[in-house]
Amino acid sequence: IGLAEVLGADESWPLVLDDVLVNTDAERIQRVQRLLYQASRHMQILLFTCHGPLFDGLGADARIELPAPRRAGQPAADEVVSAG
């Protein structure tokens, strides 16, 4: 976050985080949540995670749930499969 603030001093850049806290203990996650909330006041933060409940308390402006990946040979949930 500090580096993003320094690099974005003249203009705001988005901060992209991809599952950065996956192996972090609960206490540290709470501290980082406070930092992310403060940083979000002056920069856009895009947080990608497969551990959504860890970040539910951040008050995100938008949350997009992606479907589970499909296995090879299986149709997608929105695909129509017809026989005959």
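Start by selecting Arg28, which counts as partly exposed because its relative accessibility is 44%; buried means under 20% relative accessible area, exposed over 50%, and partly exposed in between (1.4 Å probe, protein chains only). This is a predicted model, in which local features need pLDDT of at least 70 and side-chain atom pairs count only at pLDDT 80 or more, while totals for chains, interfaces and linings use all residues. Residues are numbered from 1 along each chain as its sequence is written, and side-chain values use heavy atoms, with hydrogens and water left out.

Arg28 and Asp25 form a salt bridge, with 3.8 Å between the closest N and O atoms; the term stands for a side-chain nitrogen of Lys or Arg within 4 Å of a carboxyl oxygen of Asp or Glu. Asp25 is partly exposed, at 37% relative accessibility.

Next, select Arg31 and Glu27. A salt bridge joins their side chains, at 3.7 Å from N to O. Arg31 and Glu27 are separated by about one helical turn, because they are four residues apart in helix H2 (residues 26-39). Helices (H or I, at least four residues) and strands (E, at least two) are DSSP runs, numbered from the N terminus. Arg31 is partly exposed, at 40% relative accessibility, whereas Glu27 is exposed, at 54%. A search of the whole structure gives two salt bridges.

The phi angle of Asp19 is near 45°, a positive value in a residue other than glycine.

Now select Leu3, Val6 and Leu7. These residues make a nonpolar surface patch of about 350 Å². Patches are made of residues with over 30% relative accessible area and no salt bridge; like charges are joined within 9 Å, and nonpolar side chains (Val, Leu, Ile, Met, Phe, Trp, Tyr) within 5 Å. Leu7 belongs to helix H1 (residues 2-7) and is exposed, with a relative accessible area of 61%.

Finally, show the whole chain. The protein has two helices and two strands, in the order α-β-α-β from the N terminus on. Of its 84 residues, 15% count as buried. The accessible surface comes to about 7,200 Å², and 54% of it belongs to carbon and sulfur atoms; such areas come from the Shrake-Rupley method with a 1.4 Å probe, and for residues only the protein chains shown count as cover. Among contacts (heavy atoms within 4.5 Å) between residues at least 6 apart in sequence, 62% join residues at least 24 apart.
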